Amino acid sequence: RDQKEDGKLTNKARYGYDSILLDIESQCKNMKMKSRSGVFDYLAFKMGINKASLFSRIKRTIKKKEAGSLDGPLQLLKAAIDEVMPIYNALYEAEVKGFCSTSSMNKDEQLLVKESSSITSDQVFEESHSQLPGVSDTAMKPKRPRKKFQWTPKINSLLIEVVRQKVEM
């Protein structure tokens, strides 16, 4: 049997009730706090666990359900991005090489630009705003090219699908 003599559920029976707990939790969202608390007190008593454990179990079950429903669209989005990223990285490297060859930098500066091609936007902002007062804009070094990501219609629609599913949860 799945129940003890006092009416509390055994561990074996608890694992089959995740979907029922989710249904109860969703139905209780519209209830007043006192009524909702009473429902979860009763459930915790019948399951033989405390109320905090019941809520953590419900949260874990909700997270598993969300992760399961987003796996497919996220994998499609990741695959689409992985498909186009090598092309964009190659274009960026070509821009950096063209920038290094056309600018009047010495070898050390060219090496520095190649090594720092993965600088974050915060660092670029700090660099562009850290000029000394009295230095004219014409004396500044030319800025290196920035990384660009072109949103294709396919990637855009996949991202919208992921966001739509996340909002529905």
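Patches are made of residues with over 30% relative accessible area and no salt bridge, like charges being joined within 9 Å and nonpolar side chains (Val, Leu, Ile, Met, Phe, Trp, Tyr) within 5 Å. One such patch, nonpolar and of about 400 Å², is made by Trp151, Leu159, Val163 and Val167. The model is predicted: local features need pLDDT of at least 70, side-chain atom pairs count only at pLDDT 80 or more, and totals for chains, interfaces and linings use all residues. Residues are numbered from 1 along each chain as its sequence is written, and side-chain values use heavy atoms, with hydrogens and water left out.

**Overall make-up**

- The protein chain has seven helices and zero strands; helices (H or I, at least four residues) and strands (E, at least two) are DSSP runs, numbered from the N terminus.
- Read from the N terminus, the order of elements is α-α-α-α-α-α-α.
- The chain has 169 residues, of which 24% count as buried; buried means under 20% relative accessible area, exposed over 50%, and partly exposed in between (1.4 Å probe, protein chains only).
- Of the contacts (heavy atoms within 4.5 Å) between residues at least 6 apart in sequence, 61% join residues at least 24 apart.

**Nonpolar cores**

- A nonpolar core is a set of buried Ala, Val, Leu, Ile, Met, Phe, Trp, Tyr and Cys residues joined through side-chain atoms within 4.5 Å.
- The largest nonpolar core has nine residues: Leu21, Cys28, Phe40, Leu43, Ala44, Met47, Ile49, Leu54 and Ile58.
- Two or more residues of this core come from each of the elements α2 (18-28), α3 and α4.
- Helix α3 gives the most to this core, with four residues.
- Another core, of eight residues, lies apart from it and includes Leu77, Val84, Tyr88 and Leu158.
- Ala44, a member of the largest core, touches Ile49, Asn50, Lys51 and Leu54, not counting residues up to four places away in sequence.

**Aromatic pairs**

- The structure holds three aromatic pairs; rings of Phe, Tyr and Trp (its six-membered ring) pair if their centres lie within 6.5 Å, and planes under 30 degrees apart count as stacked, over 60 as edge-to-face and the rest as tilted.
- The pair of Phe40 and Phe55 is tilted, because the ring planes stand at 55°, with the centres 4.8 Å apart.
- This pair links distant parts of the chain, with Phe40 in helix α3 (residues 33-47) and Phe55 in helix α4 (residues 51-102), 15 residues apart.
- Phe40 is buried at a relative accessible area of 0%, whereas Phe55 is partly exposed at 28%.
- Tyr88 and Phe149 form an edge-to-face pair, at 5.5 Å centre to centre and with 75° between the planes.
- Tyr88 lies in helix α4 and Phe149 in the loop between α6 (121-128) and α7 (153-168), so this pair ties together parts that are 61 residues apart in sequence.
- Tyr88 is buried, with a relative accessible area of 14%, and Phe149 is partly exposed, with 28%.
- Ring pairs link Tyr88, Phe149 and Trp151 into a cluster.

**Individual residues**

- Val167, one of the residues of the nonpolar patch, is in helix α7 and counts as exposed at 67% relative accessibility.
- Glu25 is in helix α2 and is buried, with a relative accessible area of 10%.
- Leaving aside neighbours within four places in sequence, Glu25 is in contact with Arg36, Phe40, Ile58 and Ile62.
- Lys65, in helix α4, counts as exposed at 58% relative accessibility.
- The C-alpha atoms of Lys65 and Ser19 are 9.6 Å apart in space, while the two residues are 46 residues apart in sequence.
- Asn89 is also placed in helix α4 and is partly exposed, with a relative accessible area of 35%.
- Between Asn89 and Lys147, 58 residues apart along the chain, the C-alpha separation is 8.1 Å.

Conventions:
Accessible areas come from the Shrake-Rupley method with a 1.4 Å probe; for residues, only the protein chains shown count as cover. A salt bridge is a side-chain nitrogen of Lys or Arg within 4 Å of a carboxyl oxygen of Asp or Glu.
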